[in-house]
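Trainee: I'm new to this one. Could you pick a single part and take me through it closely?

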Amino acid sequence: MSNWKEEYRKSLKSMDTEEHIDLAFYRPIGFLWARLAARLGVTPNAITIASIFLGVAAGILFYYPQLWINVVGMILLVWANSFDSADGQLARLTHQYSRLGRILDGLSGDFWFAAIYIAIVLRENISIPLFHQYPWFLWCMAILAGISHAKQASMADYYRQFHLYFLKGEQGSELDNVADLRRQLSEAIASGKCGFWKRLTMRIYLNYTRQQEMSTPLLQEMRKALRRRYPDGHIPASFREEFRRNSLPLMKYTNILTFNWRTIGLFITLFIGYPWLYFIYELTILNFLLVYMMCRHEVFCARLTEALDKDR
């Protein structure tokens, strides 16, 4: 039992960044899936791909107005997310990290919710007279919600990786930067050993990281100030702790903007029979939290940058 507890702790990212619902439900289930997969020789990427099929199947079931069918879809979506938890836990337990796995992990949720958005639009355009008369309106709302969802998930992931970087260092984080990724891509192409799919994967990830950096100008200024102040990369523990102290209260927003609270909103709209309201939830409440979280991060990063420049 003590070995299991130790393995379980190793499978977590950090207590700073874990969400209460995950700790109470998804992480224990994901750990059991991860242990089973390790025993059977199943890779994290295989679990991620399985989660995509489950999540898309869940989305299809949300097309039907019968509540019992929707409930089956909810169970499939919860199952998909337990696999999404398991792939990361398995990677941490077995050290099977890969850039492809990180991209797949991010895309899996996009596939789930793309199926969910399409199902909701097709369902509501049939059942609600206003949307039946003006079908383009709900499609536009779904597209905007999808764009918002992608941005919310991307920034939540970025801020978590930054927090883990200052908490655990490079080994405990998957934080990248555009300059290094460009160099790696150029070196891979020059070596002649970089095939089409690898180039495509690296370019997708490069663009993903570029969008994150463009959205956080003051945080990037802090990174530059750190490189100027500590060119050897050895950031003092005092600065790491100061960053963690400012970042920790904002981790709850990164959790709200990921899966659990998003699906709670989705399930409520399905139970009351108006799933199109989920788009309103994403476009208003979740976008407000995104802007608030980003502004708070930018403010304290600017303050830390000013302190670094004064110390020079």
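**A close look at helix 13**

Mentor: Helix 13 gives the largest share of the nonpolar patch, five residues. Helices here are DSSP runs of H or I with at least four residues, numbered from the N terminus. Before going on, a word on the source: this is a predicted model, where local features need pLDDT of at least 70 and side-chain atom pairs count only at pLDDT 80 or more, while totals for chains, interfaces and linings use all residues. Residues are numbered from 1 along each chain as its sequence is written, and side-chain values use heavy atoms, with hydrogens and water left out.

Now the patch itself. L67, W261, I264, I268, F271, I272, Y274, L277 and I280 make a nonpolar surface patch of about 790 Å². Patches like this take residues with over 30% relative accessible area and no salt bridge, with nonpolar side chains (Val, Leu, Ile, Met, Phe, Trp, Tyr) joined within 5 Å. The area comes from the Shrake-Rupley method with a 1.4 Å probe, and a salt bridge is a side-chain nitrogen of Lys or Arg within 4 Å of a carboxyl oxygen of Asp or Glu. Helix 13 and helix 14 (277–311) are the elements giving two or more residues to the patch, and I280 sits in helix 14.

Next, the neighbours. The axes of helix 2 (residues 20–40) and helix 13 (residues 260–272) come within 10 Å and cross at roughly 80°; axes are lines fitted to C-alpha atoms over the stretch in contact, with angles from 0 to 180 degrees between N-to-C directions. So helix 2 and helix 13 are roughly perpendicular (65 to 115 degrees). In contact terms (heavy atoms within 4.5 Å), I21, D22 and Y26 of helix 2 meet N260, W261 and I264 of helix 13. Those residues divide into four nonpolar, one polar and one charged; Ala, Val, Leu, Ile, Met, Phe, Trp, Tyr, Cys and Pro count as nonpolar, Asp, Glu, Lys and Arg as charged, and the others, Gly among them, as polar.

With helix 4 (residues 67–94), the axes come within 11 Å and cross at roughly 170°, so helix 4 and helix 13 are roughly antiparallel (over 145 degrees). Helix 4 brings residues including L67, M74 and N81, and helix 13 brings N260, L270 and F271 among them. By class, this contact has nine nonpolar, four polar and no charged residues.

Methods:
Parallel < 35°, antiparallel > 145°, perpendicular 65-115°, else oblique. Patch = residues over 30% accessible without salt bridge, like charges linked within 9 Å, V, L, I, M, F, W, Y side chains within 5 Å.
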